[in-house]
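Subject: Structure for you to look at

Hello,

Here is the structure I promised to pass on. Please open it and keep it beside this email as you read.

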Amino acid sequence: MINLAALLSLLLLSAGCAHHDDRDRPGSSSAAGGDVAMKAAQYRQQLVADPSDAAARLQYAEALSRQGKYHAAEEQFTTILMQQPDNIDAMTALGYTYVWSYRYDLAEKQFKRALDNAPHDFGVQKGLAFTYLCSGRSSQALAAFRSLHRMHPEDLEILAAIESTEAGLIGRASRDQE
């Protein structure tokens, strides 16, 4: 699984999806983990030397996304997918880029497309679950997280997502009753 997915998962859990502060939002140095701009420049140089290097393009696109340059990242992921339509890493990373840019409808479509190609991919399923959560479909997210937990009961991140989502649903139900 790509690092982008793990980073997004942690950000979404800590920030409650739609309320990133500057420290947690992709594009900040703390979210990126190191000098992402320098890494992006290195990957860009690799692409200049060999435009067909899909691995460098994927790394470059991920670095762009981490910098908050979503449109540029989307273009790079799309280029990869034009050359390699079944590239699950590019599909998944594009889905997360859509989540980070609050385009949940596109994220959902992208993750479902990835699931068509890799129905048992844990990272893709997790991305779809977080997309449901971030788009306000907590019940659907909870069902997806519970399914993931059955497959990977040792995954503490999924367990935390279940607990957080359940707490949100309970809180919402309490407010609705008042």
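Predicted model: local features only at pLDDT ≥ 70, side-chain atom pairs only at ≥ 80, totals over all residues.

Two packed helices are described by the angle between their axes and the distance between the axes. Start with helix α8, residues 122-134, and helix α9, residues 138-151. They pack at an angle of about 155°, and their axes are 7 Å apart. Angles over 145 degrees count as roughly antiparallel, so α8 is roughly antiparallel to α9. The crossing of α8 past α9 is left-handed.

Which residues of α8 and α9 meet? From α8 come Phe122, Gln125, Lys126, Ala129, Phe130, Tyr132 and Leu133. From α9 come Ser138, Gln140, Ala141, Ala144, Phe145, Leu148 and Met151. By class, this contact of α8 with α9 has ten nonpolar residues, three polar and one charged.

**Glutamine 76**

Next, find glutamine 76 in helix α5, residues 70-83. Is glutamine 76 buried or exposed? Its relative accessible area is 14%. Buried means under 20%, so glutamine 76 is buried. Its side chain makes a polar contact with the side chain of arginine 57, at 2.5 Å. Leaving out residues up to four places away in sequence, glutamine 76 touches Leu47, Arg57, Tyr60, Ala61 and Leu64.

**Proline 85**

Proline 85 sits in the loop between α5 and α6 (88-100). Proline 85 is partly exposed, with a relative accessible area of 45%. Leaving out residues up to four places away in sequence, proline 85 touches Met91 and Arg113. Proline 85 and alanine 114 are 29 residues apart in sequence. In space, they are 10.0 Å apart, C-alpha to C-alpha.

Best wishes

Notes: Residues numbered from 1 in each chain as written. Heavy atoms only, no water. Axes fitted to C-alpha atoms, helices over the stretch in contact; angles between N-to-C directions. Helix = DSSP H or I, 4+ residues; strand = E, 2+ residues; numbered from the N terminus. Parallel < 35°, antiparallel > 145°, perpendicular 65-115°, else oblique. Left-handed = near helix turned anticlockwise from the far one by under 90°. Contact = heavy atoms within 4.5 Å. Nonpolar A, V, L, I, M, F, W, Y, C, P; charged D, E, K, R; others polar. Buried < 20%, exposed > 50% of the residue type's maximum accessible area, 1.4 Å probe, protein only. Polar contact = N/O pair within 3.5 Å; in protein donor to acceptor, adjacent residues only side chain to side chain.
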